[in-house]
Amino acid sequence: MPQVKSYAAGTPCWVDLTTGDPKGARDFYGPLFGWDLTEGGPETGGYTLAEIGGLPVAGLPGQPKPDNLPVGWTTYFATDNVDDTLERVTANGGSVSTGPMDVTDQGRMAVVSDPANAVFGLWQAGKHMGAALVNEPGTICWNELMTPDLPGARRFYTSVFGYEWDDVDTGPGGPAYSTFAVDGRAVGGAMQLDPGQTGGAPPAWMADFAVADADETTRKAAELGGGVNVPATDSSYGRFAILRDPQGGAFAVIRLADA
């Protein structure tokens, strides 16, 4: 079981959902991924931890989203100092939506946007370091940026986090795609958006969840009131689908090829 004990700075470490319907989100994602949901107290605004085997894997909100944030999953990146990282975000053309602020004794956070307005979070661990289980069914296994300006995104995120990048061959006619690495290990990816093929989808970070069966998860998502953006499809990394929850939040699921 791939448990995680710590995250190096710059590594995606947590995902949580922003939505206008917190109860609807719990009713959808809990059964979909087999999560045990532990709702926090009033001091957390009812923030809910999704757990598998007693280990935290994702977060769901206790309160409806603020108007300035879109519906969807937010990817958080580990940092040793949120305030210092925020300075690099704004110095390189990004903007701050929320924070910086302490979250009880759990950590310090901020929510920001890159120059193309893709939203992401920063997390400085206290008692909560992030996802304690990954790459198992029901847990996060990859995070990737959908951006209309891949070269600009590479410059921005390198300036903020110091990433190393590698180009990925996506085949004839495929989109430009790059992976980014921390300490020589690939920890996420970024893809050039083609507005003509995405229906004008906005820049965003996509959360990819591992599942035991992409087709069955797609069927169950529809049964729970969700929808399908991209039906289950084979790839060299595994069989995947891009789904949406009943409130319109997009996410990906994949049966990893080596699972």
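Is Trp205 buried or exposed, and at what relative accessibility? In this predicted model, Trp205 has a relative accessibility of 6% and therefore counts as buried, the cut-off for that class being under 20%.

## The ring pair of Trp205 and Phe77

The partner of Trp205 is Phe77: the two ring centres are 5.1 Å apart and the planes stand at 70°, so the pair is classed as edge-to-face. Because Phe77 belongs to strand E5 (residues 72-78) and Trp205 to strand E13 (residues 204-210), their pairing ties together parts of the chain that are 128 residues apart in sequence. Phe77 is buried as well, with a relative accessible area of 0%.

The structure as a whole holds 26 aromatic pairs.

Another of the aromatic pairs is formed by Tyr29 and Phe33, whose rings are stacked, with 6.2 Å from centre to centre and 25° between the planes. These two residues are four positions apart in helix H1, which means that about one helical turn separates them. Tyr29 and Phe33 are both buried, and the buried residues of H1 also include Pro22, Gly24, Ala25, Phe28, Gly30 and Leu32.

Just after H1, Gly34 adopts a positive phi of about 70°.

The largest nonpolar core contains 41 residues, and the members that touch the most others are Tyr7, Tyr29, Phe33, Trp35, Trp73, Phe209 and Phe251. Helix H1 (residues 22-33) supplies the largest share of this core, with five residues. Apart from this core lies another, of 23 residues, which includes Val82, Leu86, Tyr163 and Trp205. In soluble globular proteins, nonpolar side chains tend to be buried together.

Leaving aside residues up to four places away in sequence, Tyr7 touches Pro12, Cys13, Ala78, Met129, Gly130, Ala131 and Val134.

## The surroundings of Arg108

Arg108 is placed in strand E7 (residues 107-113), and its side chain is joined to that of Asp102 by a polar contact of 3.1 Å. When residues up to four places away in sequence are not counted, Arg108 touches Val82, Asp83, Pro100, Met101, Asp102, Leu122, Trp123 and Gln124; one of these, Val82, is also a member of the core of 23 residues.

Technical notes: Residues are numbered from 1 along each chain as its sequence is written. This is a predicted model: local features need pLDDT of at least 70, side-chain atom pairs count only at pLDDT 80 or more; totals for chains, interfaces and linings use all residues. Side-chain values use heavy atoms; hydrogens and water are left out. A nonpolar core is a set of buried Ala, Val, Leu, Ile, Met, Phe, Trp, Tyr and Cys residues joined through side-chain atoms within 4.5 Å. Buried means under 20% relative accessible area, exposed over 50%, partly exposed in between (1.4 Å probe, protein chains only). Contact means heavy atoms within 4.5 Å. A polar contact is a pair of N or O atoms within 3.5 Å; within protein, one must be able to donate a hydrogen and the other to accept it, and residues adjacent in sequence count only if both atoms are side-chain atoms. Rings of Phe, Tyr and Trp (its six-membered ring) pair if their centres lie within 6.5 Å; planes under 30 degrees apart count as stacked, over 60 as edge-to-face and the rest as tilted.
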